[in-house]
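This report describes a single protein chain, from its overall fold to its core and its charged side chains. Please consult the sequence and the structure shown below while reading.

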Amino acid sequence: AALLLERHYEKCRSAESSTIPVTVRFLESMIRLSQAHARLLYRSTVILEDAVAVLRIMECSAFAYGGYDANVEDVHNVLYCDPMTIDFSTTADLDFLAFELKILERYGLVDRMQPADRRKALEYINGSSETFDRMQPADRRKALEYINGSSETFD
């Protein structure tokens, strides 16, 4: 978790956006939020999933404040997801695993993800698992739009 937060801090610090100043306080706040997320789930230790959840919150916050970096080479690698326009899906756990895989790929930390979780995320993203096939068509469409940036479905 610490390595993920550190790499995100370094990336934000090196970005050329002057909208949101990135200082050590930014890193400290991500650490405190990760600790709070762990405590919320009755854990005394921060794990990778806590850091991923915090980065999702921070990405939404940065976007809302105007600090979103639209100069991303791969538009499908954008981590922002508007929390006000998203419906809660029946596959929230898989949505989170897909987001976790995406952010770990961005920072070269995919090997830190549990192999079973990585497999589930890849199957969900690629639409090749039983879980994906059991999803409601609307949830499949939302998942594909979120992951691929398109509206194609496997109906």
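## Basis and overall fold

Helices (H or I, at least four residues) and strands (E, at least two) are DSSP runs, numbered from the N terminus. By this convention R118 is placed in helix 5. The model is a predicted one, in which local features need pLDDT of at least 70 and side-chain atom pairs count only at pLDDT 80 or more, while totals for chains, interfaces and linings use all residues. Residues are numbered from 1 along each chain as its sequence is written, and side-chain values use heavy atoms, with hydrogens and water left out.

The chain contains seven helices and zero strands, giving the pattern α-α-α-α-α-α-α along the sequence. Burial is expressed as relative accessible area: buried means under 20%, exposed over 50%, and partly exposed in between (1.4 Å probe, protein chains only). Of the 155 residues, 35% count as buried. A contact requires heavy atoms within 4.5 Å; among contacts between residues at least 6 apart in sequence, 52% join residues at least 24 apart.

## The nonpolar core

A nonpolar core is a set of buried Ala, Val, Leu, Ile, Met, Phe, Trp, Tyr and Cys residues joined through side-chain atoms within 4.5 Å. The largest one comprises 25 residues, and L4, M30, I103 and L104 have the most contacts inside it. At least two core residues come from each of helix 1 (2–14), helix 2 (24–40), helix 3 (48–65), helix 4 (92–106) and helix 5 (115–126). Helix 4 contributes the most, with seven residues.

Apart from residues up to four places away in sequence, M30 touches L5, H8, Y9, V54, L55 and M58.

## Salt bridges

A salt bridge is defined as a side-chain nitrogen of Lys or Arg within 4 Å of a carboxyl oxygen of Asp or Glu. Two are found in the whole structure. One links R43 with D50, with the closest N and O atoms 2.3 Å apart. R43 is partly exposed at 26% relative accessibility, whereas D50 is buried at 0%.

The side chains of R119 and E123 form a salt bridge at 3.2 Å, N to O. Both residues belong to helix 5 and are four residues apart, about one turn of the helix.

## Helix 5

The expected span of a helix is 1.5 Å times one less than its number of residues. For the 12 residues of helix 5 this gives 16 Å, in agreement with the 16 Å between its end C-alpha atoms. D117, A121, Y124 and I125 are buried in helix 5. Seen down the axis, the buried residues fall within an arc of 95°, so they line one face of the helix; the arc is that of the directions from the helix axis to the C-beta atoms. Just after helix 5, G127 has a positive phi of about 70°.

## E100 and R118

E100, in helix 4, is buried yet has no salt bridge, and the nearest side chain of opposite charge, R118, is 8.9 Å away. Neighbours within four places in sequence aside, E100 is in contact with L48, E49, V52 and M113.

R118 is partly exposed, at 24% relative accessibility. With residues up to four places away in sequence not counted, R118 touches L101, V110, D111 and M113. R118 and A98 are 20 residues apart in sequence, and their C-alpha atoms are 8.4 Å apart in space.

Terms used
Lys, Arg positive; Asp, Glu negative; His and termini not counted.
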